[in-house]
Amino acid sequence: MGRALGRLKGVDFYRKIPTDLTEASLSGAGLSIIAAIVMVLLLGAELNNYLTLETQTSLVVDRSAQGDLLRINFNISFPSLSCEFATLDVSDALGTKRLNLTKTVRKLPINDQLERMGHYIHDDRQLDIKYDELPENFTSDDINYSSPLSAADFATAMTKYDILIANFYAPWCPWCQRLEPTWEAVREEVHAKYPDTDGRIHLAKIDCTAEVDLCRDHHITGFPSLRVFRKGHDEVMNHGQREHESYKGDRTKDALMAFVETLVPSAGRPHYYVRGMQRVAKSSGCALSGFVLVKKVPGTLHFLPKSPGHSFDYHAVNMSHQVGYLYYGNKPSPRRRQALELYHPMGLTEDWADKMQGQNFYSKNQRATFEHYMQVVLTSVEPSRKNRDASFDAYEYTVHSHVYNSDDVPAAKFSYESSPIQIIVTERKKAFYHFVTTTCAIIGGVFTVAGIIDGIVHGAGRLAKKVDLGKQG
């Protein structure tokens, strides 16, 4: 047994030198301290590198499933576009057209300073407005546009009658031309039933091509506009907000006469609201916010003035706007945003997901149309299994904008195109054995190098002593 143990000692790699055969030195002590400090620094750096997240970025063809929809979130303010006629249409390269989206879009009346002027409006415009049948061989030459009120006459009429129903029209408007025979028939019947001596209700019309300032003061942008004025103004107070009454129903004689009869009982009662009428905030502008779901094909969001049974003076339409926000996909939670800051290849900037936030676009010319072209890229973050909750699909985009004069109705167009390339960011795993190997290399390497340096220093010291002794001898 003793002989076997003796043979085992022969393979000892770490044979010990008796203490009395070793020699300590100040240079060796200094090198040992320096080596220890270097080891600690290198080990700390290696540990930090091991614990630091490393990512790998790959470019692949978009792996979205067929039929996946892209969510577009927006908040855009138009200081010169009334909420009465502000409309959002969506079209795409596949021929899909969705007109006047209302389910996921909200309208907020604002003034020209972008300040809130009322409550959110639900768009309940009647899509199919009915008219009386016109006589055979009827032409626009048969229309009688006589006796429209001037601004002064209009001011007098508003104070003279308890209720004044005003028809703001433009002679070139086809819908105004279609309404005119019916309007005149209703006016004659109403004035016969409720003469001036009665004073409860009166019908009048205003030519907005002649009384431009009057129509602008009352925020008339679409023709015809039928407004109700009570004792000099058309204001209806709704929870502290000023609104006006506007008729949006059918334009037949029966419908208009029924409308007049519902108003008569409220004569002499200012700020009285007749149930069933449309109330619209008295403001010049509108802020549209919400979201739309679209296919991942090139498409466009069209913001424009549009309404069934109305015409617009394109020269007077101003589509200047401010983008509150416009981004794609869902907004990340604070936890996911923190993860994105770590995983994103270039980090996150303030406008990483919304390049248009806070930008203003002003119209300097008549009939100006704004177009914004965006290219959207999907970045998918795929962390390790232990951090799956941080996985997220982030959309970024570039945008180019320009303005031009349009022969059609002015609009603000936001065109988008989804990139076929998807960026995938994955977490690069670090093997623990690599950390252990590096740690051993640091300790062994520093120890060996320090030993070599110590040997050189010690040998140089001994050589210097020998030289000195030789000179003394």
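The expected span of a helix is 1.5 Å times one less than its number of residues. Keep that rule at hand for this tour of a predicted model.

**Stop 1: helix 4.** Select residues 174-193. Helix 4 has 20 residues, so it should span 28 Å. Its end C-alpha atoms are 29 Å apart, which agrees. Now click Glu180. Helix 4 bends there by about 40°. A proline, Pro181, follows within four residues.

Which residues of helix 4 are buried? Among them are Cys176, Leu179, Trp183, Val186 and His191. Glu180, the site of the bend, is also one of the buried residues. Show what covers them: the cover includes strand 6 (163-169), strand 7 (201-207) and helix 6 (253-263). Strand 8 (222-223) and strand 9 (225-230) are included too.

**Stop 2: Pro224.** Go to the loop between strand 8 and strand 9, where Pro224 lies. The peptide bond from Phe223 to Pro224 is cis, with omega near -10°. Most peptide bonds are trans.

**Stop 3: two positive phi values.** Most residues other than glycine have a negative phi. Select Asn100, in the loop between strand 4 (97-98) and strand 5 (105-110). Its phi is positive, about 50°. Is Asn100 buried or exposed? Its relative accessible area is 18%. The cut-off for buried is under 20%, so Asn100 is buried.

Next, pick Leu114, in the loop between strand 5 and helix 3 (151-160). Its phi is near 65°. Leu114 is partly exposed, at 30% relative accessibility.

**Stop 4: Met356.** Find Met356 in the loop between helix 7 (334-343) and strand 17 (360-361). Met356 is buried, with a relative accessible area of 0%. Its contacts include Val323, Phe361, His372, Tyr397 and Phe414.

Methods. Residues are numbered from 1 along each chain as its sequence is written. This is a predicted model: local features need pLDDT of at least 70, side-chain atom pairs count only at pLDDT 80 or more; totals for chains, interfaces and linings use all residues. Side-chain values use heavy atoms; hydrogens and water are left out. The bend at a residue is the angle between axes fitted to the seven residues ending there and the seven starting there. Buried means under 20% relative accessible area, exposed over 50%, partly exposed in between (1.4 Å probe, protein chains only). Contact means heavy atoms within 4.5 Å. Lists of a residue's contacts leave out its neighbours within four places in sequence.
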